[in-house]
Amino acid sequence: GPGGAGVAGLPPSRTQGAGGDGHAQFRVLQWNINCLCGVDGRASQLAQGVLEVVGGCDADVVLLQEAPVGPPNAWWPEPWRSTFPTSEMRALEAGLAKLGYTAQLRTDSGNSSLL
């Protein structure tokens, strides 16, 4: 997970390198969650499903694309404007914190990213 006591805070298992050369390794998870609105923008997704995948990946860095804070802005296109699950996005953020992740950056654009 995100905590650890290895090189630069990485767990010792990630500092051994494939050849035992001591180079640090870390895992990055990048995922476009499409505003938790499903692939078609019409099927709201639950934060718990995303959290299960993130937790199972044991990533050191997680980048979630299209993860705006919400609530939706008037300029958002349909169907995202009417289906955006603000409460689920809040639950996702809280769940990520429970997994040990700390939000470092959230872009302010039409397709927000959360790092």
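**Cysteines**

I looked up cysteine 57 and found it partly exposed, at 31% relative accessibility. The classes I use are buried for under 20% relative accessible area, exposed for over 50%, and partly exposed in between, with a 1.4 Å probe and protein chains only. The model is a predicted one, so I note that local features need pLDDT of at least 70 and side-chain atom pairs count only at pLDDT 80 or more, while totals for chains, interfaces and linings use all residues. Residues are numbered from 1 along each chain as its sequence is written, and side-chain values use heavy atoms, with hydrogens and water left out.

How many disulfides does the structure hold? I counted 0 disulfides, a disulfide being a pair of cysteine sulfur atoms within 2.5 Å. For cysteine 37 I checked the closest cysteine sulfur, which belongs to cysteine 35 at 5.4 Å; that is too far for a bond. Cysteine 37 is buried, with a relative accessible area of 0%. Cysteine 35 is buried as well, at 8%.

I also looked at the backbone of cysteine 35. Its phi is positive, about 60°, although cysteine 35 is not a glycine. Cysteine 35 sits in the loop between strand S1 (28-32) and helix H1 (47-57). Helices (H or I, at least four residues) and strands (E, at least two) are DSSP runs, numbered from the N terminus.

I place aspartate 58 in the loop between H1 and S2, where it counts as partly exposed at 29% relative accessibility.

Which side chain meets aspartate 58 in a salt bridge? I found arginine 27, at 3.3 Å from N to O. Arginine 27 is partly exposed, with a relative accessible area of 42%. The rule I apply asks for a side-chain nitrogen of Lys or Arg within 4 Å of a carboxyl oxygen of Asp or Glu. By this rule the count is 2 salt bridges.

The other entry is glutamate 78 with arginine 81, whose closest N and O atoms are 3.2 Å apart. Glutamate 78 is partly exposed at 41%, and arginine 81 is partly exposed at 31%.

**Cis peptide bonds**

Glutamate 78 came up again when I went through omega. The peptide bond from glutamate 78 to proline 79 is cis, with omega near 10°. The bond from glycine 70 to proline 71 is cis too, with omega near 0°. I place proline 71 in the loop between strand S2 (61-65) and helix H2 (80-83); proline 79 lies in the loop between S2 and H2.

**Helix H3**

H3 has 13 residues and reaches 19 Å from its first C-alpha to its last, close to the 18 Å expected at 1.5 Å a residue. The expected span is 1.5 Å times one less than the number of residues. I list the buried residues of H3 as Thr86, Met89, Leu92, Gly95 and Leu96. An α-helix has 3.6 residues a turn, so residues three or four places apart point the same way.

Alanine 94 is in H3 (residues 86-98) and is partly exposed, at 40%. I took its C-alpha distance to alanine 47, which is 9.6 Å across a separation of 47 residues in sequence. Glycine 100 follows H3 with a positive phi, near 100°.

**Surface and totals**

I found a nonpolar surface patch formed by Phe26, Val28 and Val61, with about 270 Å² of accessible area together. Patches are made of residues with over 30% relative accessible area and no salt bridge; like charges are joined within 9 Å, and nonpolar side chains (Val, Leu, Ile, Met, Phe, Trp, Tyr) within 5 Å. Valine 28 is in strand S1 and counts as exposed at 53%.

The protein exposes about 6600 Å², of which carbon and sulfur atoms supply 55%. These areas come from the Shrake-Rupley method with a 1.4 Å probe, and for residues only the protein chains shown count as cover. Buried residues make up 33% of the 115 residues.

I counted 3 helices and 3 strands, in the pattern β-α-β-α-α-β along the sequence. Among contacts between residues at least 6 apart in sequence, 58% join residues at least 24 apart, contact meaning heavy atoms within 4.5 Å.
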